[in-house]
Amino acid sequence: MSPSDSSHTVATSDGACWPAMGLGTWRYGEDAAGRATEVKAIRAALDIGYRVIDTAEMYADGGAESVAGDAIAQALTRPGSLQRSDLVVVSKVYPHHASRREMRRSCEASLSRLRLDYLDLYLLHWRGTVPLAQTIEAFEDLVARGMIKRWGVSNFDIDDMRELSALPGGAGCAANQVYFSLTQRGPEFDLLPWQRTRTMPLMAYSPLDQGALAHHPTLRRIASRHDGTPTQVALAALLAQTGVMVIPKSGNEQRLRENWGAQYIRLTPDDRAELDKAFPPPRTKHPLAML
Ligand code: NAP
């Protein structure tokens with residue numbers, strides 16, 4: 001199976017086609033006693049069909065990368081199974097490691113924990129004090145060394161994106177990962193259209209509002225018309241938007257399957273109208289929300 005076998009995909013500016021449904025890993029790796037169960041959950045996710053894995057050096061101080069690394073290594077060594085090229089592995093560098101010297105060290109450590117030779121995408125986790133021009137140079141250095149295929153950012157609002165793209169090499173930014181969910185629709189006003197014109201996927205983090213949307217009455221009502229669940233509707237509403245990826249996290253096989261199933265829900269115009277009433281789309285600029 002290649003990364004494009006998922007039913008929803010997004011295009012990147014360098015011609016790749018990625019599954020729009022991925023797996024988040026925040027909160028993985030925090031409890032040594034749960035490690036085997038977590039590795040099993042990520043293995044299950046890979047069996048279900050997830051191919052995009054989102055992690056960060058920040059999560060459990062590298063613990064999430066390490067859990068993901070074990071799961072990926074097991075999946076890649078099973079005969080006749082996945083190939084490395086089937087996966088889209090994304091990690092993030094701390095802002096205070098986003099200088100040329102520090103970033104290389106961070107990336108080497110992430111690759112070692114993930115047990116991989118390269119990352120498909122390496123993101124600046126959020127904007128810090130290291131000048132963006134220096135961070136771009138550091139990313140480009142890693143691309144040249146073959147340690148990352150491409151780079152991007154996270155938690156960048158439209159002004160940050162404009163500033164970044166005006167810098168030398170800034171147009172190389174491949175993705176922006178932001179808080180985007182039914183309750184946080186601000187990016188639809190300006191950021192998402194801006195990214196679309198550049199074929200730059202918007203990776204929606206916390207698309208379930210960290211689980212809270214599972215209990216929303218409107219979503220429950222719409223879900224019942226599709227034989228689905230509230231979280232599937234919450235994810236389907238984002239997946240229906242061109243250029244959007246979602247990376248819900250779950251450590252539970254049943255919920256991983258449930259979230260995956262969101263790709264098969266097709267919302268009707270009536271569903272959309274009901275969603276817009278409960279979660280009004282932005283009519284003016286809303287500053288980007290951040291967790
Ligand atoms: P989320 O994906 O919106 O929600 C995860 C929570 O929802 C977990 O507690 C999970 O519990 C629960 N959940 C998952 N599926 C469910 C379902 N079908 N029904 C009910 N509950 C469900 O929140 P998130 O983890 O904050 O965001 C997703 C990923 O985005 C993160 O893991 C991380 O990779 C990334 N992220 C990035 C940033 C950034 O600054 N770039 C910030 C936040 C998150 P169980 O595990 O028990 O199922």
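Residues are numbered from 1 along each chain as its sequence is written, and side-chain values use heavy atoms, with hydrogens and water left out. Because the model is predicted, local features need pLDDT of at least 70 and side-chain atom pairs count only at pLDDT 80 or more, while totals for chains, interfaces and linings use all residues.

Around the ligand there are 27 residues, of which Asp54, Ser206, Lys249, Ser250 and Arg255 come nearest; a residue is near a molecule if one of its heavy atoms lies within 4 Å of it. By class, this shell divides into eight nonpolar, 13 polar and six charged residues, where Asp, Glu, Lys and Arg count as charged and Gly is among the polar residues. The most is given to the shell by helix α9 (residues 253-260), with three residues, helices being DSSP runs (H or I) of at least four residues, numbered from the N terminus.

An N or O atom in the side chain of Arg255 is 2.6 Å from an oxygen atom of the ligand, and a nitrogen atom of the ligand is 2.8 Å from an N or O atom in the side chain of Ser154, whereas for Gly251 a backbone N or O atom lies 2.9 Å from a ligand oxygen atom.

Ile136 is found in helix α4 (residues 132-144) and counts as buried because its relative accessibility is 2%, the limit for buried being under 20% relative accessible area (1.4 Å probe, protein chains only).

Key
Polar contact = N/O pair within 3.5 Å; in protein donor to acceptor, adjacent residues only side chain to side chain. Helix = DSSP H or I, 4+ residues; strand = E, 2+ residues; numbered from the N terminus. Buried < 20%, exposed > 50% of the residue type's maximum accessible area, 1.4 Å probe, protein only.
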